Amino acid sequence: MPVYTVHAPAVAAASGPAAADRFVFIRDGFHGWAFVGGPFWLIYHRLWTVLAAYVAFNVALTVLLTALNVDAGSRFAVLLLIALLLGLEGPTLRRWTLARRGWRQLDVVTADDQDSAERRFFDRWTAQAADSYQPPIDRSTLPSPRPSSASQGEIFGLFPRPGAPR
């Protein structure tokens, strides 16, 4: 099932539901159009810095491979691998560009398509007050330890806690 990240400009995230029309949902995974027409996909999504780096890298690599007398089939294979990499990492490049522009990631949503992802996100988002909205737990960090079920004066139920009353 596809995973979508939800992004909003910093001012839109602070202003609540009125600015929800500016939210961007980015599907994680392979993007076929980025693979087939990389520069056009980058232009469509207004990824100007990434486009400049992509074109410069492809031109420099083509010149280098030509200078090394690499045959045309190998040059094509290398450029095809770069296009494959762009197809795989296109969503990451979009998220990176949005972060550079000051956008915040609000949430991560799992849904079958973008319409379902939007519905699921906004159902969860509007159920809470816009100012008290807390995104789900960040799974990239370790959880805090749970309090033990033992009494407060013991550690692991066997050893007394230093300084605890007996």
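Which pattern does the protein follow, read along the sequence? The pattern is β-α-β-α-α-α-α-β-α-β-β. That makes six helices and five strands. The model is predicted.

## Confidence

The mean pLDDT of the protein is 83. A value of 70 or more is reached by 72% of its residues. Confidence is highest in helix α3 (residues 38-44), at a mean of 95. Strand β4 (residues 154-155) is where confidence is lowest, at a mean of 54. Where pLDDT is low, the predicted coordinates should not be read in detail.

## Overall numbers

The protein has 166 residues, and 28% of them are buried. Its accessible surface comes to about 11,500 Å². Carbon and sulfur atoms account for 62% of that surface. Now take the contacts between residues at least 6 apart in sequence: 64% of them join residues at least 24 apart.

## Strand β1 and its partners

Start with strand β1 (residues 3-9). Six of its seven residues are buried, so the strand is largely enclosed by the rest of the structure. Strand β1 is joined to strand β3 (residues 103-110) by seven bridges, and the two run antiparallel. Four bridges join β1 to strand β2 (residues 24-27), again in an antiparallel arrangement.

What does V6 stand opposite in β3? The residue there is D107. In β2, the bridge partner of V6 is F25. In a regular strand the side chains alternate between the two faces of the sheet.

Helix α6 (residues 114-127) has 14 residues. From its first C-alpha to its last it reaches 20 Å, close to the 20 Å expected at 1.5 Å a residue. Its buried residues are A117, F121 and W125. They cover an arc of only 55° around the axis, which puts them on the same side of α6. An α-helix has 3.6 residues a turn, so residues three or four places apart point the same way.

What do the buried residues of α6 pack against? They pack against β1, β2 and β3. The face turned away from this buried side carries the exposed residues R119, D123, T126 and A127.

## Buried residues among the helices

L86 and T97 are in helix α5 (residues 72-100). A34 has its place in helix α2 (residues 32-36).

L86 is buried, with a relative accessible area of 5%. Leaving out residues up to four places away in sequence, L86 touches A34, G38, L42, Y54 and L93. L86 and F35 are 51 residues apart along the chain, yet their C-alpha atoms are separated by 6.1 Å.

A34 is buried too, with a relative accessible area of 0%.

T97 counts as buried at 4% relative accessibility. Not counting residues up to four places away in sequence, T97 touches L47 and V50.

## Two loop residues with positive phi

Two loop residues call for a look at the backbone. Phi of R46 is near 55°, a positive value in a residue other than glycine. R46 sits in the loop between α3 and α4 (48-67). Is R46 buried or exposed? R46 is exposed, with a relative accessible area of 51%; the cut-off for exposed is over 50%.

Phi of N69 is also positive, near 55°, and N69 is likewise a residue other than glycine. N69 lies in the loop between α4 and α5. At 69% relative accessibility, N69 counts as exposed.

## Accessibility at a glance

The table gathers the residues discussed one by one.

| Residue | Relative accessible area | State |
|---|---|---|
| A34 | 0% | buried |
| T97 | 4% | buried |
| L86 | 5% | buried |
| R46 | 51% | exposed |
| N69 | 69% | exposed |

Key:
Residues numbered from 1 in each chain as written. Predicted model: local features only at pLDDT ≥ 70, side-chain atom pairs only at ≥ 80, totals over all residues. Heavy atoms only, no water. pLDDT = per-residue confidence, 0-100. Buried < 20%, exposed > 50% of the residue type's maximum accessible area, 1.4 Å probe, protein only. Pairing = 2+ DSSP bridges. Contact = heavy atoms within 4.5 Å. Areas by Shrake-Rupley, 256 points an atom, 1.4 Å probe, with all protein chains shown as cover. Expected span 1.5 Å × (residues − 1). Arc of directions from axis to C-beta.
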